[in-house]
Amino acid sequence: MRNRYLEGVFAPLEQEHTLTELQVIGDIPEYLDGRYLRNGANPVGELDPAFYHWFVGDGMVHGIRIRDGRAEWYRNRWVRGPETSMVLGEAHVLGDGAVGIGANTNVIAHAGRTLALIEGGGTPVELSYELETVGICDFGEQVRGGYTAHPKRDPDTGELHAVSYSFDRGNRVQYTVIGTDGRVRRAVDIEVAGMPLMHDFSLTENHIVLYDLPVTLDPQEMGGLSDQAGALVGAPMPEPARLVLSAMLGRIRVPDPLAARRTRDLRLPYGWNSRYPARIGVMPRAGGNDDVRWFEIEPCWVFHPMNAYDDGDTVVLDVVRYPVMFDRDRTGPEEASPTLDRWVLDLVAGTVRQDRVDDRAQEFPRVDERRVGRRHRFGYAPAVGPGATPGSTLLKHDRLHGTTTARFFGRHARVGEFVFEPAAPDAREDQGVLMGFVHDIGSDRSALVMLDAETLEDVASIELPHRIPAGFHGNWIPGDG
């Protein structure tokens, strides 16, 4: 059986590289001093393609250090989860409390640490400046039961806000606020309708927004976890899958899982649940579980909101919306067209207005990080979907004028997430560069491409001699942070 997430631009790299003095086409802006880091799935070892899901491959972080107009180095390193280390033939670095696979979804910097993130009960993994695995980071044992892959940094305070879910928490998610010193300022448990996969959330100046949507723990896919989990998802679950999820979450030690099976079984234990309600929760930042207001919406799925903000008595959400997710395709995201929609939640009337912003299939939306939780003008998202053209285009949405500009990279290019870095702290919202990896199908090589955010014209391209597999999320980390 073939699996598209093991082929082409998704095909994993088989080794780690350290490259210096990389070739640069164009001129890297002098104001860029730091690292561009991006995380993604890069499974190691022999896999069963019938049971490999893109979201559960071993994490690999790619990084490029930029300073004085030069690309000083490129490194790619597997995040050493316990099972990843075992397959690589190495000693465990993280201990018993870590996810079996290396954290594979996002990579950020906070409180002087570089952190690889994964959700579903996984603890953040601290990396060295050169991307070697250091150890787990539970913020001084203040964050229990895992952390989200999508925290939001308040641009005014620098605090890190998060909503995290895990199997251990059952029908609760946890809202946390971590200060710039790495200490937890708030931790609030919030009840949800069952055991959903809550990949992301939204933050405004006054509220947090929860997406309680119908992708839930799937007893049929897992085979079984516990009576509690079965009750919450509304179906019985047989016993054998306890080992699978426990290994994934690192709750028990698996002496040698490869000895029992020739290939690794890496499936996602969540699926579409048509019986589960679709709703949006709004809670004041200073509130608690009893203060959450729930707004029912039509069944749908959201991986990533673009941004959110308060507007008088309403909360405005720009989201990438799917009509369904993990219904038929159990190897990756559903082949449904995700559109950019705007939802306006009226806190007085208790209603939701839903409008279509752009009907082109797109994903990985980003805004200027200085506008997180504030009214934004611009948002950026690569087109996605089958065929050559969608994956070759970056979209720039102007919400003030209601227009969209497209940058086409060519039919043989594949574009991932792009992030924005301003030219100066007080630069206007699109005065700076967009940067992200672009893969050339013909040469099977990738480059870190920098664009003028205002015009979408080329600024510079850092060329790499190999492919960067299609991955998930990355960030620009300034200076030595």
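**Close-ups of a predicted model**

**View 1. The lining of the second largest cavity.** The lining residues here split into five nonpolar, two polar and one charged (nonpolar covers Ala, Val, Leu, Ile, Met, Phe, Trp, Tyr, Cys and Pro; charged covers Asp, Glu, Lys and Arg; the others, Gly among them, are polar). Among the residues around this space are Tyr-165, Arg-172, Met-195 and Tyr-270. A cavity is a set of points on a 1 Å grid over the protein atoms alone where a 1.4 Å probe fits but cannot get out, and lining residues have an atom within 4 Å of a point. This is a predicted model: local features need pLDDT of at least 70, side-chain atom pairs count only at pLDDT 80 or more, and totals for chains, interfaces and linings use all residues. Numbering runs from 1 along each chain as its sequence is written, and side-chain values use heavy atoms, with hydrogens and water left out.

View 2. The structure holds 17 aromatic pairs (Phe, Tyr or Trp rings, the six-membered one for Trp, with centres within 6.5 Å; stacked under 30 degrees between planes, edge-to-face over 60, tilted for the rest). Tyr-5 and Trp-54 are stacked, at 5.2 Å centre to centre and 15° between the planes. Tyr-5 is buried, with a relative accessible area of 4% (buried means under 20% with a 1.4 Å probe, protein chains only). Trp-54 is buried too, at 9%.

**View 3. Trp-301 against Phe-303.** This pair is edge-to-face, with 5.5 Å between centres and 90° between planes. Both Trp-301 and Phe-303 are buried. Ring pairs join them into a cluster that includes Tyr-5, Trp-54 and Phe-472.

Conventions:
1 Å grid on protein atoms, 1.4 Å probe; cavity = no way out; pocket = protein on both sides within 12 Å on 5 of 7 lines; lining within 4 Å. Buried < 20%, exposed > 50% of the residue type's maximum accessible area, 1.4 Å probe, protein only.
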